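Let's take a walk through this structure together, one region at a time. Have the viewer open and follow along.

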Amino acid sequence: MIAVENLTKKFDQFTAVDDLSFSVQEGEVLGFLGPNGAGKSTTMKVITGFLAPTAGKVTIDGHDITHEPIAAKSLIGYLPEGAPSYGDMTTLEFLNFIASVRGFSGDELKQRVEHVIKEVDLASVGHQTIDTLSKGFKRRVGLAQAIMHDPKVLILDEPTDGLDPNQKHHVRELIKNLARDKIVIISTHILEEVTAVCSRAIIIAQGKIVADGTPSDLESRSRYHHAVTVRLSSDYDLQADLQGLADIASVEKSEADPLCFTILAKEGAAIYSKVSELAQSKQWPVEEFHVQRGQLEDVFRSITQQAIDTEQTEEAA
Amino acid sequence: MGNLGIIFKRELLSYFSTPLAYIFIVIFLITNGIFTFDMGGFYMRAQADLLPFFSFHPWLYLFMVPAIAMTLWADERKTGTIELLLTLPIRLADAVLGKFLAAWVLTGIALALTFPIWITVNYLGEPDNGVILAAYIGSWLMAGGFLAIGSCMSACTRNSVIAFILTVAICFLFVIVGSPILLNAFPEWIPQGVVDAFSALGFLTHFDSISKGVLDIRDMLFFTVFIAAWLLASAIVIEMKKAN
């Protein structure tokens, strides 16, 4: 278990992480979301023991990262932002180096290196120097070193940044496979990634947690949760028909397509059946009709914007 | 193999996997030759010793060693690998020492490859090989002193050129601080004790006696403590400046 208690990190006067507390259990894949500069990377750097906290503490399976750094770091596999690695080494040399630092030697070392090379599909570039590799391969080398010792805790800072869609998919599958008995924390600003791999998401802004829940929890906070999108084949005045219906918050007309409408539900209400009945009885010229789960992007924007606004009003006052 | 050894090995191999080590060694050998034979008048002196060879070493190291040391930490910072290295389960001391030792061994290899000059002097005359061995040891210790300064300067910045310039400047101070030119420049009212203390910090003071074959424990101790102090300073700087 990772426990973060009242973690604060300041750089001179700037507070990057502000009194953050949360814990992560085995089997959880935690997505760390936030706008750029929200403190995601800083939090990860403190959890992995790279930066010392200004206040508060972090324990990994009971080992305090400040007081027992070696024990705590042995449990962690970490992919830093940008996946840095020693560019003048070949992939194999680099992975051998990491494996020996992780305490492997002899046959066991060979097996581990072979295993991770297979796992992230690096066999074709084993003898190439890392500097000559493409961005996607470099990222995979970074992933390979992070999972070398089959760590209990895997911390990945933007693991799919710069990868093509196939590679992204591959890395996500990998993370899902690894996650079963581990703790995985990934930071990202790609929201589809959260829905794809995370079992829990924390949104931070201005160094504080502004939302914490499962991805579907967060989606349900969206204005678009349970909204119904209708596309018509010809012009028809939906709004007149909808006025009598309860539980409808508003109707939005799409800017791109004048025949496309989104009917927003009032909070907590399910309107799909009502709207569908209405559409049948009034014989709308419907071409497409579907219900939305909610847009994570919309939640993300409204929540983080709120946090920034409050901060600014506080400062002004 | 402990973590110190693993880091040492990685660093040393990385010198040889790029042209850096070879260029360093070749330039070191060529300049050594020029200094010894041309400027040092090795043949003209007609003496069976290597004094002209060794007496140029402080000035040679002044530019050669910072070139090796400048990347030690600055590059780790620049490429971000410092974050990788320092989140591995190793002690900072192992990282600092491992990197230093690798660079020191590289200078040792370059120094050892000057052996033809030792063969030459033995072929031409009958030198005191004990003196020559002592001078080699002294020279290597002095290179270590330069490197330790370089390690600390390299930890201060992510720009290796800045690290190079800072290292050259500080090394220059430690070279001239014990030289007669500077010591004579002290006004007379300054007590002799202060002047002596200054001169005791100078590389030349300690290297001169070693290169004449006097392996005094105090001179050896000076370089050892000097290296240890600058490496400790490196570790402190790295710890303090990790964030930027």
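This is a predicted model: local features need pLDDT of at least 70, side-chain atom pairs count only at pLDDT 80 or more; totals for chains, interfaces and linings use all residues.

Helix α5 of chain B spans residues 57-69, helix α8 of chain B spans residues 92-112, and the two pack at an angle of about 140 degrees with their axes 10 Å apart. Angles over 145 degrees would count as roughly antiparallel, so α5(B) and α8(B) are oblique to each other. Their crossing is right-handed.

Now follow Ala103(B) into the largest nonpolar core, which has 137 residues. Ala103(B) is one of the residues with the most contacts inside this core, and others include Leu95(A), Ala144(A) and Leu147(B). Helix α10 of chain B (residues 129-156) gives the most to the core, with 15 residues. Over in chain A, if you set aside neighbours within four places in sequence, Ala144(A) is in contact with Leu95(A), Val116(A), Ile117(A), Val120(A) and Leu122(A). There is also a second, separate core of eleven residues, among them Tyr224(A), Val230(A), Ile248(A) and Val275(A).

Finally, look at Leu166(B) in helix α11 of chain B, residues 160-176. Is Leu166(B) buried or partly exposed? A buried residue needs 20 or more C-beta neighbours within 10 Å; Leu166(B) has 19 inside 10 Å, so Leu166(B) counts as partly exposed. Apart from neighbours within four places in sequence, Leu166(B) is in contact with Met153(B) and Cys156(B). Cys156(B) and Leu166(B) are ten residues apart in sequence, and their C-alpha atoms are 9.7 Å apart in space.

Methods:
Residues are numbered from 1 along each chain as its sequence is written. Chains are lettered from A and ligands numbered from 1 in the order in which they are written. Axes are lines fitted to C-alpha atoms, for helices over the stretch in contact, and angles run from 0 to 180 degrees between N-to-C directions. Helices (H or I, at least four residues) and strands (E, at least two) are DSSP runs, numbered from the N terminus. Angles under 35 degrees count as roughly parallel, over 145 as roughly antiparallel, 65 to 115 as roughly perpendicular and the rest as oblique. A crossing is left-handed if the near helix is turned anticlockwise from the far one by less than a right angle, and right-handed if clockwise. A nonpolar core is a set of buried Ala, Val, Leu, Ile, Met, Phe, Trp, Tyr and Cys residues joined through C-beta atoms within 7 Å. A residue is buried if 20 or more other C-beta atoms lie within 10 Å of its own, exposed if 12 or fewer, and partly exposed in between; C-beta atoms are placed from the backbone. Two residues are in contact if their C-beta atoms, placed from the backbone, lie within 7 Å.
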